[in-house]
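The following exercises are intended for study alongside the sequence and the model. Each task is followed by a solution in steps.

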Amino acid sequence: MENNKNTKKQEGLSEADIERLELLQKANEKVGRQLSIGAEDGSLHEIDELKELIGKEFENPEEKYNIYYRGIRKLLMDYLPKGADFKEVRDIIYDEKNIFLNLGKRKSDNNGIRKSDGRMTYQPVMNEILDIIIKWVAESQNPFNIYREFYELNERHGYGHEEYDKTTLSVANAMKKLSEK
């Protein structure tokens, strides 16, 4: 009886309306599949979205570990100045690095707690900062230059910077000025 109602409804529809209705019904038949119209010949074909999703490579934990610990962290530890005298400089550089890796989350936003972990960020983000570090190691190894690179990277992405007390802020500003020379 329901088929009779559908048939009666369809009798009053134009051919284009019936075709649209058939397309809508076909599109709703299978979950995870999508209808696509071929650009060249206008033919219809199905795309299995689930198979495509499974086929894509997701974040690789081992690769992320290597990028962070054997790349980003190791290079900065090896090439930034060592010792207690340079701790504040290193901390300011690490803050800029961590703001970028954490997609703009700052410790100063949450009373000293970032509420995010840069080791878990997206691989393309890690790769971007690793490329900057590798270039810095190859070209200058000047800590003020890497600070400026991280600072500008955060500026480009609109992430902002840590809010420091007056002493640390003056060191950060001096680092920026020294990198311009």
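Predicted model: local features only at pLDDT ≥ 70, side-chain atom pairs only at ≥ 80, totals over all residues.

**Exercise 1. The loop residue Arg119**

Where is Arg119 found? Determine also which residues Arg119 is in contact with, leaving aside its neighbours within four places in sequence.

*Solution.* Residues are numbered from 1 along each chain as its sequence is written, and side-chain values use heavy atoms, with hydrogens and water left out.

Step 1. Arg119 is found in the loop between α5 and α6. Helices (H or I, at least four residues) and strands (E, at least two) are DSSP runs, numbered from the N terminus.

Step 2. Arg119 counts as partly exposed, at 39% relative accessibility. Buried means under 20% relative accessible area, exposed over 50%, and partly exposed in between (1.4 Å probe, protein chains only).

Step 3. Contact means heavy atoms within 4.5 Å. Leaving aside neighbours within four places in sequence, Arg119 is in contact with Lys64, Tyr68, Tyr69 and Met126.

Step 4. Tyr69 belongs to helix α4 and, at 26% relative accessibility, counts as partly exposed. Beyond four places in sequence, Tyr69 is in contact with Lys74 and Arg119.

Step 5. Arg119 and Ile67 are 52 residues apart in sequence, with 9.2 Å from C-alpha to C-alpha.

**Exercise 2. Other positions in the same loop**

Which of the classes buried, partly exposed or exposed applies to Lys115, to Gly104 and to Leu103?

*Solution.* Step 1. Lys115, in the loop between α5 and α6, is exposed, with a relative accessible area of 61%. Leaving aside neighbours within four places in sequence, Lys115 is in contact with Lys105 and Asn110. From Lys105, ten residues away in sequence, the C-alpha to C-alpha distance is 7.6 Å.

Step 1. Gly104, also in the loop between α5 and α6, counts as buried at 16% relative accessibility. Ile99, Asp109 and Tyr159 are in contact with Gly104, its neighbours within four places in sequence left aside. Gly104 and Asn154 are 50 residues apart in sequence, yet 7.5 Å apart in space, C-alpha to C-alpha.

Step 2. Leu103, in the loop between α5 and α6, is partly exposed, with a relative accessible area of 39%. Leu103 has a positive phi of about 55 degrees although it is not a glycine.

**Exercise 3. The packing of α5 and α6**

At what angle do helices α5 and α6 pack, and which residues meet?

*Solution.* Step 1. Helix α5 (residues 87-101) and helix α6 (residues 123-139) pack at an angle of about 150 degrees, and their axes are 10 Å apart. That makes α5 roughly antiparallel to α6. Angles under 35 degrees count as roughly parallel, over 145 as roughly antiparallel, 65 to 115 as roughly perpendicular and the rest as oblique. Axes are lines fitted to C-alpha atoms, for helices over the stretch in contact, and angles run from 0 to 180 degrees between N-to-C directions.

Step 1. From α5, Lys97, Phe100 and Leu101 meet Val125, Met126, Glu128 and Ile129 of α6. The residues of this contact divide into five nonpolar, no polar and two charged. Here Ala, Val, Leu, Ile, Met, Phe, Trp, Tyr, Cys and Pro count as nonpolar, Asp, Glu, Lys and Arg as charged, and the others, Gly among them, as polar.

**Exercise 4. Helix α6 and its end**

Which residues in α6 are buried, and what covers them?

*Solution.* Step 1. The buried residues in α6 are Gln123, Val125, Met126, Ile129, Leu130, Ile132, Ile133, Trp136 and Val137. Their cover includes α4 (61-79), α5 and α7 (143-157).

Step 1. An α-helix has 3.6 residues a turn, so residues three or four places apart point the same way.

Step 2. At 1.5 Å a residue, the 17 residues of α6 should span 24 Å, which agrees with the 24 Å between its end C-alpha atoms. The expected span is 1.5 Å times one less than the number of residues.

Step 3. Gln141 follows α6 and lies in the loop between α6 and α7. Gln141 has a positive phi of about 60 degrees although it is not a glycine, and counts as partly exposed at 35% relative accessibility.
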